Amino acid sequence: MLDLFSGLDTHVVITLVLSLGFVLAFEFINGFHDTANAVATVIYTQSMKPRLAVFYSGVCNFLGVMSGGLAVAYAIVHLLPVDLLISVNTSRGMAMVFALLAAAILWNLGTWYLGLPASSSHTLIGAILGVGVANSLINHTSLSHGVNWGKALDVGASLLVSPIVGAVMAGLIVILLRRYRPHSNVHKTPYLRQQVEGRKHPPFWTRFMLIVSAMGVSFAHGSNDGQKGVGLVMLVLIGIVPAKFVLNLDSTPYQLERTRDAAQHLQQFYQRHEADLSKIIVKSNSASQYECHPQQTVATADQLLKLMGEGNDYHQLSASQRWDARTQLLCLDDAAKKAAELPNLSSDDKQLLSNLRKDLTSTTEYAPTWVIVAVALSIGIGTMIGWRRVVKTVGEGIGKKDMTYAQGVAAQATAAVSIGLASWFGFPVSTTHVLSSGVAGTMIADKAGLQMGTIRSIALAWLFTMPAAMLLAGGLYYLAAQWL
């Protein structure tokens, strides 16, 4: 990180600092929303003191981000169409980043002020989709090409299904506890425990499970939501200091060799299936340098192989050559994705194309350690400042009765497992909605009833977050583009 600003002009340094600050501010506000949900139950049940809970939550978030990989980070990034990804070093590309971040921050602050556990994930994804749609309108291209709709549908499905799964699984856990441990203290509320029995904290094992599950949610949150911030930081770094970040300059000789092999094999695949591919790939007459042309995949692979040569170090390439190599790699990856749409493709060919895509992106989909650390710290600090409003909503506002210890454990355990699995498979999900729906599921299972006013507010926030973020981000980007 120390050489990040070396050799940069003063105005570039200022732009870089402001841009990174903008992204980290979004992650800081993310802490208000999503990570606050992770500690809401453990604080509400008085299992841990607030300061201690948010401190350990921050630590677990940090560990989650560090060990979570980058699958979710680049699943978010690739919601953007390829032509925007390969033009992110232009002024329009930077306008894109600022527009989507400004929209996400404005919506998150508004819902936080109202105490609603709205989703930062929904907000960010909506903003990205809005920018993609606005870009299509500006360039007078089809909306079908403005957004990576295949990826958008996958992300939308994960955001829709995860809260339902959370509610059902948390409810089942409470039902099982009621059946097999009907007289356990785990079914008491913090109020009953303190006012009737005169004890402040839950029973030992109940308290232990509450703490462990809360830290599990924090860890899972870091491994999922933290990656979204990492992806945004990489977009900023690639846009402002491309020479240092368009490619992973620490790539090993083995990774570069795998990249060359992947380009050659994709080239051969296109040559073998030229007739079939010509039927599904529409030829573009555009001469834009910021557009991929799948019908030219053989030539693109040739250009990449010639550019890389036999070298085993990206440092040997000039700044412009590194950008060209990244563009060619992204276009080849896009070509491999389109080739996978061929009808009657054998399972072996599908697996081949999947492996080629991994090798083609292995040196473009990365993040330096300091980026991951910075994002993790931003989320943790946000949690420590903004948790109070959301804790009250989760603990008292969802059900007609106060939350019991069993309900807290069930909701948190379900959230930790489901979010962890989503991170493992590269699906972005909402910590906010998984946990709050889990709490609602436990209230239904316990026949405690739901406060429909709060449920209605959360549902409306869930319903309007994505379209509102799309309109905000798309409008901001459209206005900015008129000045460029």
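Lys 338 is partly exposed, with a relative accessible area of 26%. Here, buried means under 20% relative accessible area, exposed means over 50%, and partly exposed lies in between (1.4 Å probe, protein chains only). This is a predicted model, where local features need pLDDT of at least 70 and side-chain atom pairs count only at pLDDT 80 or more, while totals for chains, interfaces and linings use all residues. Residues are numbered from 1 along each chain as its sequence is written, and side-chain values use heavy atoms, leaving out hydrogens and water.

**Salt bridges**

Lys 338 has a partner. Its side chain meets that of Asp 334 in a salt bridge. The term means a side-chain nitrogen of Lys or Arg within 4 Å of a carboxyl oxygen of Asp or Glu. Both residues lie in helix α15, four residues apart, about one turn of the helix. Helices (H or I, at least four residues) and strands (E, at least two) are DSSP runs, numbered from the N terminus. Asp 334 is buried, at 7% relative accessibility. Lys 337 joins Asp 334 and Lys 338 in a network of salt bridges.

The structure holds five salt bridges. Among them are these:

| Pair | N to O distance |
|---|---|
| Arg 260 and Glu 257 | 3.0 Å |
| Asp 333 and Arg 357 | 2.7 Å |
| Asp 334 and Lys 338 | 2.9 Å |

Asp 333 in helix α15 and Arg 357 in helix α16 are 24 residues apart, so this pair links distant parts of the chain. Asp 333 is buried at 7% relative accessible area. Arg 357 is partly exposed at 31%. Arg 260 and Glu 257 are three residues apart in helix α12, separated by about one helical turn. Arg 260 is buried, at 6%. Glu 257 is partly exposed, at 34%.

**Helices and cores**

How many helices and strands does the protein have? It has 20 helices and zero strands. Of its 484 residues, 55% count as buried.

The largest nonpolar core has 88 residues. Such a core is a set of buried Ala, Val, Leu, Ile, Met, Phe, Trp, Tyr and Cys residues joined through side-chain atoms within 4.5 Å. Leu 100, Leu 237 and Leu 266 touch the most other members. Helix α5 (residues 91-113) gives the largest share, ten residues. Domain 1 (2-244 + 367-483) and domain 2 (253-280 + 289-361) both contribute, so the core lies between them. The domain bounds come from an automatic or database domain assignment. A second, separate core of 15 residues includes Tyr 44 and Val 429.

Buried residues of α16 include Leu 353, Leu 356 and Leu 360. Leu 266 touches each of these three. Contact means heavy atoms within 4.5 Å. Cover for the buried residues of α16 includes α12 (253-272) and α15.

**Two loop residues**

Leu 317 sits in the loop between α14 (297-308) and α15 (319-339). Is Leu 317 buried or exposed? At 10% relative accessibility, Leu 317 counts as buried. Beyond four places in sequence, Leu 317 contacts Leu 307, Arg 322 and Ala 325.

Ser 430 lies in the loop between α18 (405-425) and α19 (431-445). Ser 430 is buried, at 1%. Beyond four places in sequence, Ser 430 touches Ser 119, Ser 121, His 122 and Leu 159.
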